[in-house]
Structure formats: C-alpha cells, structure tokens
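Please keep the sequence and the 3D view open while reading.

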Amino acid sequence: MRRSSADASAAGRGRTKLRALLAVLIAAVAAPLAAQQRSVGEEIAKYRAALQEGNPAELWEARGADLWRQKHGPKQASFERCDLGQGLGVVHGAYAGLPRYFADADRVMDLETRLVWCMVQLQGYSEAEARRNPFGSGNDKKSDLEALAAYVASESRGVRMNVPLAHPKEVEAYRVGEKLFYFRGGTHDFACATCHGDEGKRIRLQDLPNLMTAAGAQRAYTTWPAYRVSQGELRTFEWRLYDCFRQQRFPELIFGSDAAVALTMFLARNANGAPFDAPAIKR
Amino acid sequence: MPPRSSAERATTTGRRLRGLALALLVTGCATTPGDQELAEQATAALKSSFKPAGQAGLDRLEQDETQRTCSAAGGKPLAKETAAALEQANLATIRYPVDGKVLGDWKNGEKLAQEGRGKQFSDDPGGPVGGNCYACHQLSKAELAFGTIGPSLYLYGKSHGAGAEVQRYTFGKIYNSEAFVACSNMPRFGYKGILSEQQIRDLTALLLDPASPVNQ
Amino acid sequence: MDDTRRAVLISGGRATLLALAVAAGWIKPEDARAEGWNKSAFDGRNLDEALKGLGAGEPAQSKEIAFVQTPEIAENGAVVPIGVASALPKTEAIAILIEKNPNTLAAVFDIAPGTEAAISTRVKMAQTSNVYALVKADGRYYVASKEIKVTLGGCGG
Amino acid sequence: MKIRGSLVGDSTEVKVLMNHEMETGQRKDAQGQTIPAWFIQNVSVTWNGKTVLSAQWGPAVAKNPFLSFKFKGGAKGDRIVIHWVDNRGDQRTDEAIIG
C-alpha cells in the first residue's frame with residue numbers, strides 16, 4: 001500500500017530519471033498547492049461546523065423512541081423486552097457495546113441484526129418482514145430500522161466504546177472482519193484498505209479515516225449513524241458498509257449478513273475506548 | 001506485428017498468471033493452518049453475504065492471482081521477489097495500440113477524469129464509465145475537489161516531457177498499474193476492461209498534451 | 001431539543017386560525033397558499049426578475065449586512081448553511097437569493113419588531129454561485145453578496 | 001418538528017428542524033418522470049400569541065429545513081408555536097416550551 005505514492009514515477013528502466021523529475025515537480029508546485037489546500041480545508045471545516053447547529057437526525061431519534069415504546073407486530077409487543085446486551089430493554093450504553101455474542105441466537109450481532117431478531121422473536125414478524133426496509137427513502141418509504149438505530153445510538157452518546165472480544169465467536173468475527181478489510185475484488189481491485197489504510201488521505205474533498213489506527217477507527221466508528229446531507233436521510237453503519245461495497249464495484253452486501261457483522265465487529269472493536277458521539281451529521 | 005486475437009491474448013495472460021501463482025508458491029506465501037482456516041471462514045462469509053445486483057454479479061468476488069496475493073499481504077509490503085513476479089505478470093497483459101499511437105483527445109480525457117460513474121451495481125450498464133481520476137489525484141488547477149490517495153499529477157506532462165518512452169509508460173500505467181507497482185491502489189483500467197483503448201489514449205493525452213489543463 | 005411531537009390545534013396566531021379555517025373547509029388550501037406567498041418573486045429566473053417581484057428595484061450595496069456562519073465552500077450543494085445579519089435600523093425583512101439557481105429567490109423572512117435582524121437557515125445550490133442577502137429596512141432595500149463554491153462528492157459521482 | 005427555545009441573556013433563541021421533503025420540481029425519478037415540486041411555502045413563529053417571525057420559502061430551502069433566530073423577551077415556561085403550510089396545502093403546527 002505504502003508504495004502507491006511512488007506510482008507515478010516507477011517505469012522500469014526510466015524509473016530513476018522519472019523519479020528525479022517528479023521530485024523537481026513536487027518542489028515546484030508544493031508550496032502554492034499546500035496553501036490552496038489549507039484554505040479549502042478551513043472552509044470545509046467551517047461548513048461542517050455550521051451544520052452542527054442543527055442535526056435533522058433528531059427527527060429520526062424521536063420517531064425511533066416512539067417505535068421502541070409502542071406495541072407493534074402480530075404479538076403486539078414493544079422493544080421493552082428486547083435485550084441489546086445490557087439487559088432486557090436497557091438502551092443506555094447498548095450501542096457502545098455492540099456487536100457482541102448473544103447466546104439466545106448463538107451468533108454475533110450488530111444493533112440492526114439484533115433489532116431484527118427482537119422484531120421476529122418478540123413482535124412476531126417474519127424475518128422477511130423485519131428486514132424489508134433497512135434503508136429508507138423519503139416520506140413514503142421511511143425505515144423503522146433506521147429510526148430505531150438512531151434512537152438506540154443516541155442513548156450511547158458520551159459512553160466509551162467497549163466492544164467485547166471474549167467469546168470465541170466474537171474473536172472469530174473480528175478476525176474474519178480484518179481479513180475482509182483487505183479483500184480485493186471486483187472490476188477495480190478495491191478493498192476497504194484501498195481507501196482506509198493510509199494516513200491523511202482524502203477522496204475528492206472527503207477525508208478518509210485510516211481505519212488501521214485506533215484514532216482513525218475511533219473517529220469514524222463513533223460518528224455513525226449519521227444524517228447525510230447529500231441524501232437528506234439518516235444512515236446507519238450497515239448502510240455505510242453497503243454503500244462502500246457498492247462504490248467498490250462489488251455486488252450488493254446483504255443486510256445483517258456475516259460479512260457485514262464481521263466488518264462491523266472489526267471496526268467497532270478497534271474504536272474501543274473512545275466516547276461514542278452519534279448520530280452525527282455528515283456530507 | 002499483426003494484432004492477436006483476444007482468445008490468443010487470454011491464453012497468454014492465463015499462462016503468465018499461472019506462472020505468477022507458481023512464483024508465489026516458491027517465494028514463500030505459505031500460510032499457517034490458522035491462517036488457512038481463517039481464509040476459508042472469510043471466503044465463506046463473503047459467499048453468503050452478497051447477492052447479485054444490477055451489472056454486478058457474484059463473479060466479482062472471484063479473485064484473480066493479483067488480487068489474491070495483494071489481499072493476503074494484509075497491507076504489508078510484498079516480498080521483493082513476489083512483487084517482481086506480480087509486476088512481471090501484469091506487464092505482460094498490457095496491449096499497446098497496434099498503430100503505436102497512444103495520445104488521444106485530452107478534452108475527452110478531462111471528462112473521463114471527472115466521471116465517477118461506471119461498473120457500480122447502481123449504474124446504468126449502458127451509461128458512462130469514467131476513470132474518476134480526480135477522486136484520487138490532483139490534475140488541474142481549476143478543480144479543487146481532488147483526492148490525495150494517489151500523487152498529484154498536476155504539471156505531469158510539463159515535467160516528464162512527452163517523449164515516446166514517457167508516452168508508452170503513461171499509457172501502460174493506466175492500462176495496468178500493477179505492472180509497475182505491485183499492489184498499487186490504482187485500478188487496472190485496461191486489463192480489467194473498465195476503459196477502452198481509445199479512452200486510455202484520451203487520458204494519456206490529458207496528462208501529456210501541452211494544451212491540457214494538467215500542464216497549465 | 002424539547003419534545004415537540006404533540007401537535008396543537010389552538011393558538012392565537014393568525015396562521016393557525018387560517019389553518020383551522022382550511023381544516024374546517026371554509027377556505028380552499030389554494031387560497032391559503034396564495035395568501036402571503038409572493039409567486040411572481042419566487043418564479044423569477046434571474047436576479048432582476050426576483051428583485052422586481054419583491055418590489056426591491058435596484059437595492060443599494062450595504063456594508064451593514066453580514067453573512068454569518070456561511071462557508072465559502074459547500075461540501076454539498078444539497079445543504080448550504082446561510083446566516084444573514086443586518087445592522088440596518090428598522091430592518092423589516094431579509095431575503096436570500098441565489099443567482100445561478102433555476103429560481104433565484106430562496107426565502108424571505110419578515111422580521112417583527114423586537115426580533116433580532118439575524119436569521120440562519122440552509123439552502124440548496126445547483127452550482128457555484130453568488131448569493132445575495134437582500135434587506136428591507138425602513139422601507140428601503142439594501143444588498144450584500146458572497147460567492148459560495150459548491151464542490152463535487154467522492155467516489156461514484 | 002423539533003423545536004428548541006432557550007434563553008440567552010434577555011433574548012430567546014429559537015432553533016427549529018422540520019420534517020419535509022422540500023422537493024424542487026427539477027428532479028426526475030428512475031422512470032424519467034419529473035418529481036413534482038413539494039415544499040413548505042409559509043412558516044410562522046409565534047410567542048405567547050404574538051408573531052415574532054414569518055417566512056415565505058421557495059423549493060431552494062434544503063430538505064428537512066433548519067431555521068434559527070432570536071427575539072427579545074421570553075421567559076421559562078412561555079409557549080412557542082410554529083406553523084407551516086406547504087404548496088399542497090398540507091400543514092403542521094407544533095409547540096415547545098422555553099426552557
């Protein structure tokens with residue numbers, strides 16, 4: 001990966017000559033470019049700061065809080081007997097401790113997978129009904145799962161990430177997640193690591209967290225779910241993975257699948273120790 | 001040299017890539033049993049976790065030898081010999097235009113450099129496919145929204161000149177980046193059929209033409 | 001934020017009475033819409049048409065109008081934070097106009113006496129453009145402008 | 001709607017987030033059909049029955065609109081009422097208590 005910075009200059013026998021030329025080129029343009037990039041960076045920072053004034057994610061949180069308490073489904077049950085890992089119906093701090101292994105399901109689950117589990121077990125929905133609409137669009141197709149995730153996540157604000165790695169299945173999910181992070185495929189050879197394995201990089205103007213460092217994983221993971229202004233929607237971490245893979249030119253990541261949970265486990269665990277700070281607002 | 005049929009090319013490429021697999025075995029990519037088990041678990045997770053969508057079938061999860069080798073490295077640099085073998089195998093895949101002309105239309109190249117669509121399952125299969133160069137590289141003064149995953153290519157032609165060797169290298173680099181830097185982050189635009197020969201010519205012109213915004 | 005999910009029906013506000021009137025079927029929604037919405041100004045496709053619709057004529061440039069918490073570069077044109085503050089005495093209204101949008105006028109705020117002549121909101125911008133803050137103060141019109149650059153998103157376009 | 005009214009010195013700061021598509025009428029759906037314009041046209045903010053701010057909006061106001069401003073006066077427990085009407089005639093009224 002590190003070698004990629006030399007990409008433009010390496011050319012078989014012409015290698016050395018070109019490298020020397022590139023050095024001259026960098027010296028010539030570095031100063032004004034650095035200044036330009038700095039001012040662009042400052043203005044983008046101002047833009048992001050202005051957005052913090054009011055985060056429409058609160059509209060989702062409010063709807064999610066209602067959904068949590070109301071009785072729904074064939075069994076007319078609320079989520080108040082749903083165990084997110086901290087005890088029946090305990091929401092506070094739950095998101096900061098997920099994913100984790102659940103004995104009742106004999107599986108490692110992230111929040112969304114667990115919500116689906118509770119909808120099936122407690123509320124009596126079929127699996128298909130529960131997973132029907134993971135990512136909403138507009139007023140006509142609102143996603144209950146996104147609203148619930150926004151609410152549950154908001155109840156971990158300020159709580160330090162403490163994802164367990166005790167059960168063998170938790171360890172397995174973490175290690176599989178790490179492996180998948182480096183998996184290159186598709187038409188473009190992209191892996192998660194292509195964009196998220198180096199320090200201080202950006203795509204277009206968007207900063208890319210280096211998810212291989214604790215600081216990078218913490219900064220990234222603790223700010224999802226987030227209201228995406230580009231879509232006018234609240235998006236969950238499952239969506240973040242789904243859309244990364246879409247842009248990686250992979251086929252479609254299945255909601256709540258083993259790969260989705262394993263990658264979430266890998267990244268959430270790497271964020272341990274950092275105070276959770278979402279739902280956030282992002283581009 | 002007469003142009004070879006695509007079948008012939010595929011055979012040659014297949015042979016080279018098999019050669020690579022052999023080289024990797026020899027140069028010691030042997031995995032511990034734990035690693036092997038983990039790799040199998042990861043493969044199983046992948047297989048059950050994706051579904052075909054739009055133009056993206058599950059075949060996109062089938063890795064070629066280059067992808068497999070770079071994935072296994074897990075972000076660490078390859079052993080010298082492995083890297084050399086991988087570059088060699090990829091170098092052999094580059095098809096230069098039969099007429100020898102590698103410079104196209106830089107204006108179309110600029111459009112391709114800006115175009116981010118193509119090959120995603122959400123993209124219209126008949127729609128545009130771009131190089132999306134600005135996502136990772138600075139190219140011109142005017143476009144402020146450029147990425148930094150790759151090096152800045154602003155003034156690339158001005159500093160490299162536009163001699164035959166540079167032209168050939170530039171075309172080849174876009175065609176198959178792995179031929180020059182093993183496990184590069186850059187897609188293999190020609191080899192993987194993302195861009196056509198003409199489109200790669202246009203991008204080569206964008207980088208080298210003195211009139212292109214890259215060199216202003 | 002306070003919980004405000006409880007919708008209320010009765011309050012002394014004029015708009016609410018209007019709403020009740022609509023709900024009761026006394027007036028058609030179309031009438032309610034037409035009331036107090038300056039169609040000719042919002043239909044304006046350039047600065048002149050929008051200013052004409054607002055009856056603003058040729059507003060005077062003013063240094064008393066400031067953009068606050070308004071970035072020079074918007075990471076996404078779908079949401080561009082704009083804040084306008086007027087130090088002009090007797091500010092009655094503040095309007096935001098975006099030169100290169102399909103319809104130039106974005107919003108008009110009527111400032112009641114006792115309300116600070118400063119508002120912040122978020123608009124959409126189709127592309128990089130000059131943004132105008134138009135202020136009506138003591139019956140006269142003033143303007144200030146600022147260019148806001150709109151940038152492209154990341155991978156996949 | 002989410003409404004926050006908070007005292008800042010001798011003024012009340014009002015921050016509002018509204019739930020609305022604010023569709024411009026310029027976009028097309030997957031079938032190439034234009035999605036009709038759908039946006040809030042009128043907003044009014046009243047404090048103890050007195051209008052402190054009213055606004056007319058076009059479709060260029062961003063989706064899920066945000067609005068913030070201050071007015072002189074206000075006390076803990078006072079009621080702020082916000083009302084909007086959109087171009088379809090849909091409307092909504094919500095209230096908050098100044099905290």
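## Ser154 of chain A

Ser154(A) belongs to helix H5 of chain A, which covers residues 144-154. The model is a predicted one. Ser154(A) has a relative accessibility of 16%. Because buried means under 20% relative accessible area, Ser154(A) counts as buried.

The side chain of Ser154(A) comes to 2.7 Å from the backbone oxygen of Tyr151(A). If neighbours within four places in sequence are set aside, Ser154(A) is in contact with Glu61(A), Ala278(A) and Pro279(A).

## Thr115 of chain C

Thr115(C) is part of strand E7 of chain C, residues 115-123. Is Thr115(C) buried or exposed? Thr115(C) counts as buried, since its relative accessibility is 9%.

What is Thr115(C) in contact with, leaving aside its neighbours within four places in sequence? The residues are Val52(D), Leu53(D), Phe69(D), Lys70(D) and Phe71(D).

## Salt bridge in chain A

Over all chains, the count of salt bridges comes to 30. One of them joins the side chains of Asp104(A) and Arg114(A), at 2.7 Å from N to O. Asp104(A) sits in the loop between strand E1 (100-102) and strand E2 (107-109) of chain A, and Arg114(A) sits in helix H3 (residues 111-121), so the pair ties together parts that are ten residues apart in sequence.

The two partners can also be described by their accessibility. Asp104(A) has a relative accessible area of 49% and is therefore partly exposed. Arg114(A) has a relative accessible area of 1% and is therefore buried.

## Salt bridges in chain D

In chain D, the side chains of Lys63(D) and Glu21(D) form a salt bridge, at 3.8 Å from N to O. This pair links distant parts of the chain, 42 residues apart. Lys63(D) is in the loop between strand E4 (50-57) and strand E5 (66-72), while Glu21(D) is in the loop between strand E2 (11-17) and strand E3 (40-47). Lys63(D) is buried, with a relative accessible area of 17%. Glu21(D) is buried too, with a value of 14%.

Arg79(D) and Glu95(D) form another salt bridge, in which the closest N and O atoms are 2.9 Å apart. Here Arg79(D) lies in strand E6 (residues 79-86) and Glu95(D) in strand E7 (residues 91-97), and the pair links distant parts of the chain, 16 residues apart. Arg79(D) counts as partly exposed at 37% relative accessibility, whereas Glu95(D) is buried at 6%.

## A network of salt bridges

Some salt bridges share partners. Which residues do they join into one network? Arg48(A), Asp207(A) and Glu75(C) are joined in this way.

## Chain B as a whole

Chain B has eight helices and one strand. Along the sequence, the pattern of these elements is α-α-β-α-α-α-α-α-α. Chain B has 216 residues, and 54% of them count as buried.

Among the contacts in chain B with a separation of 6 or more, 61% are between residues 24 or more positions apart. The accessible surface of chain B is about 9800 Å², and carbon and sulfur atoms account for 57% of this surface.

## Where chain A meets chain B

Between them, chain A and chain B bury about 5900 Å², of which 59% is on carbon and sulfur atoms. Arg184(A), Arg204(A) and Pro251(A) supply 13% of the area that chain A buries against chain B, more than any other three residues. In terms of contacts, 56 residues of chain A touch 70 residues of chain B.

How many salt bridges are there between chain A and chain B? The count is three. A salt bridge joins the side chains of Glu143(B) and Arg204(A), at 3.7 Å from N to O. Several elements of chain A each supply at least two residues of the side that touches chain B, including helix H6 (168-181), strand E3 (201-203) and helix H10 (258-270). H1(A) gives the most to this side, with ten residues. By class, the side of chain A that touches chain B has 27 nonpolar, 14 polar and 15 charged residues.

Definitions and conventions
Residues are numbered from 1 along each chain as its sequence is written. Chains are lettered from A and ligands numbered from 1 in the order in which they are written. This is a predicted model: local features need pLDDT of at least 70, side-chain atom pairs count only at pLDDT 80 or more; totals for chains, interfaces and linings use all residues. Side-chain values use heavy atoms; hydrogens and water are left out. Helices (H or I, at least four residues) and strands (E, at least two) are DSSP runs, numbered from the N terminus. Buried means under 20% relative accessible area, exposed over 50%, partly exposed in between (1.4 Å probe, protein chains only). Contact means heavy atoms within 4.5 Å. Accessible areas come from the Shrake-Rupley method with a 1.4 Å probe; for residues, only the protein chains shown count as cover. Buried area is the accessible area (1.4 Å probe) that two parts lose on being put together, summed over both. A salt bridge is a side-chain nitrogen of Lys or Arg within 4 Å of a carboxyl oxygen of Asp or Glu. Ala, Val, Leu, Ile, Met, Phe, Trp, Tyr, Cys and Pro count as nonpolar, Asp, Glu, Lys and Arg as charged, and the others, Gly among them, as polar. A polar contact is a pair of N or O atoms within 3.5 Å; within protein, one must be able to donate a hydrogen and the other to accept it, and residues adjacent in sequence count only if both atoms are side-chain atoms.
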